[in-house]
Amino acid sequence: GAGCAQASAYNYAANRFAAAIAKKLGKDGSIFEQRCQRILTALQQKLWMEADGVLAESLDTLGNRLLHPSPELSTIYLAIDCECVTPFQGYRMLKFTERKLQSIRTPIRQGRLVDSSNWLPKKYSTCGIFPAENACLALAYFQLGQRAQGLAILNGLVDAYYLSHNPGIIRHVLSATGGGDNGDLDFTDVSSTCFRMLSEGLWGIRSQQLEDQISITPQLPEDWTHAELELPELQLAWRRERFEETLTVKKAAAGKKIIRIPLRYAAVEDLWLNGEAVPIQIEPGIGTCFLRIETDQASPLEMRVFYGKAPLPALKQANVCAFDGNLLAIEATDGQILEIKSPWAEMPAAGDKRYVRVSGKP
């Protein structure tokens with residue numbers, strides 16, 4: 001009996017795809033575009049909580065029309081996956097899962113697994129550790145370029161496979177230590193979400209057939225030096241040395257290819273595509289930036305990056321609590337602070353070093 005963020009996200013995505021299909025067929029898709037806009041407007045006006053940086057779970061349509069302010073995990077990753085929030089809103093929603101939802105560290109790889117909600121008392125699926133949901137959460141991290149956090153959950157899921165009762169099987173609900181619980185063995189929602197997390201998240205493969213394009217954004221662990229992936233429709237080979245990186249793409253379908261590689265240094269001396277220099281294009285992100293190439297050339301493609309030694313910018317902040325009225329010092333190394341985005345910070349004067357006064361609540 002409530003208007004909820006999850007159904008809104010699904011309906012937004014459905015209407016967005018319907019509009020794209022109509023355009024592909026040469027039909028008028030304006031009715032679907034109008035529905036998308038109405039859904040986005042309602043989400044922002046009725047469910048988005050700016051102070052908390054998260055969408056509410058739902059809004060009652062009866063009685064006192066209460067807002068339910070604590071979303072479950074699927075509300076957060078669905079909004080990001082369906083692209084009905086901005087990237088920065090999605091980033092803040094992921095921070096909600098780190099601050100307001102209980103998580104555990106798994107015993108082998110010290111991975112992270114997150115409870116599905118903070119709704120208590122627990123009743124079946126209202127609150128628990130579900131690997132399928134954690135795979136979707138990891139995908140959301142990768143989609144927003146948050147590689148370290150996505151890899152932490154991936155490591156937690158790998159541990160769950162080792163700790164489960166049967167080789168090569170992960171149960172659909174896990175114990176408080178990240179091992180197998182008494183859940184059923186044959187819930188393939190775990191397999192499908194893990195496969196999607198690995199292909200679309202870790203390797204960043206997104207086939208956008210309505211737009212006749214494919215996007216590839218590998219976000220592999222920083223300590224890896226090489227990796228390969230072979231699928232029926234695509235083959236990738238990646239290799240990294242200290243100041244050089246190579247990505248080879250084979251068997252890709254015809255159409256536009258968008259390749260994005262997370263920057264490892266602030267200076268890019270050269271960028272080659274199939275042995276020829278191409279313009280260097282940098283795409284900003286949250287906590288990282290991406291080196292981007294767009295091409296209509298047929299595969300095979302070889303993208304080679306040659307870096308300079310300039311380090312990436314970083315922020316330094318004293319480890320102090322951000323209580324109301326506190327003065328926090330934030331300093332940039334190898335870069336400049338141009339803007340601070342926070343609903344709880346009073347903006348100081350410009351400069352490399354900022355003092356931000358925190359107001360409102362922690």
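**Entry 1: two cis bonds**

I began at P300, which I found in the loop between β17 (289-295) and β18 (301-307). My strand and helix names come from DSSP runs counted from the N terminus (helices: H or I, at least four residues; strands: E, at least two). The peptide bond joining S299 to P300 is cis, and its omega is about 10 degrees.

A note for you before we go on: this is a predicted model, so I kept local features at pLDDT of at least 70 and side-chain atom pairs at pLDDT 80 or more, while totals for chains, interfaces and linings use all residues. Residues are numbered from 1 along each chain as its sequence is written, and side-chain values use heavy atoms, with hydrogens and water left out.

I also looked up L120 and P121, where the peptide bond is cis with omega near 5 degrees. P121 sits in the loop between β7 (112-114) and α5.

**Entry 2: around P69**

Next I went to P69, in the loop between β5 (67-68) and α3. Which residues does P69 touch, leaving aside those up to four places away in sequence? I noted M49, V54 and A56, with contact meaning heavy atoms within 4.5 Å. I also compared P69 with L47: they are 22 residues apart in sequence, and their C-alpha atoms are 8.5 Å apart in space.

Two packed helices are described by the angle between their axes and the distance between the axes. The axes here are lines fitted to C-alpha atoms, for helices over the stretch in contact, and angles run from 0 to 180 degrees between N-to-C directions.

I looked at α3 (residues 73-81) and α4 (residues 87-99), whose axes come within 10 Å and cross at roughly 160 degrees. The two helices are therefore roughly antiparallel to each other.

On the α3 side I listed L73, T75, I76, A79 and I80, and on the α4 side G90, M93, L94, F96 and T97. By class, this contact has seven nonpolar, three polar and no charged residues. Here Ala, Val, Leu, Ile, Met, Phe, Trp, Tyr, Cys and Pro count as nonpolar, Asp, Glu, Lys and Arg as charged, and the others, Gly among them, as polar.

In the loop between α3 and α4 I came across E83. E83 is not a glycine, yet its phi is positive, near 60 degrees.

**Entry 3: α5 and its neighbours**

I then turned to α5 (residues 131-143) and α6 (residues 147-163), with axes that come within 7 Å and cross at roughly 160 degrees. That makes α5 and α6 roughly antiparallel, and their crossing is left-handed. From α5, P131, N134, A135, L137, A138, Y141 and F142 meet R147, Q149, G150, L151, I153 and L157 of α6. I sorted this contact into nine nonpolar, three polar and one charged.

How does α4 pack on α5: at what angle, and how far apart are the axes? The angle is about 135 degrees and the axes are 10 Å apart, which makes α4 oblique to α5. α4 passes α5 in a left-handed crossing. I saw L94, T97 and E98 of α4 meeting L137, A140 and Y141 of α5. This contact has four nonpolar, one polar and one charged residues.

**Entry 4: empty space**

Rolling a probe the size of a water molecule over the atoms shows where empty space is left. On a 1 Å grid over the protein atoms alone, a cavity is a set of points where a 1.4 Å probe fits but cannot get out; a pocket is an open set with protein on both sides within 12 Å along at least five of seven lines, and lining residues have an atom within 4 Å of a point. Points are joined across faces, edges and corners, and a volume is the space filled by probe spheres set on them.

My search of the whole structure found one cavity of 30 Å³ or more. The largest cavity has a volume of about 80 Å³. Its lining includes R147, P218, W238, R240, E245 and R264, and divides into six nonpolar, one polar and four charged residues. β11 (234-240), β12 (244-250) and β13 (256-262) each supply at least two of the lining residues.

Last, I looked up the second largest pocket, with a volume of about 1100 Å³. Of its 40 lining residues, E83, Q143, R206, Q208 and R260 are the closest to its centre. The lining divides into 15 nonpolar, 15 polar and 10 charged residues.

Definitions and conventions. Angles under 35 degrees count as roughly parallel, over 145 as roughly antiparallel, 65 to 115 as roughly perpendicular and the rest as oblique. A crossing is left-handed if the near helix is turned anticlockwise from the far one by less than a right angle, and right-handed if clockwise.
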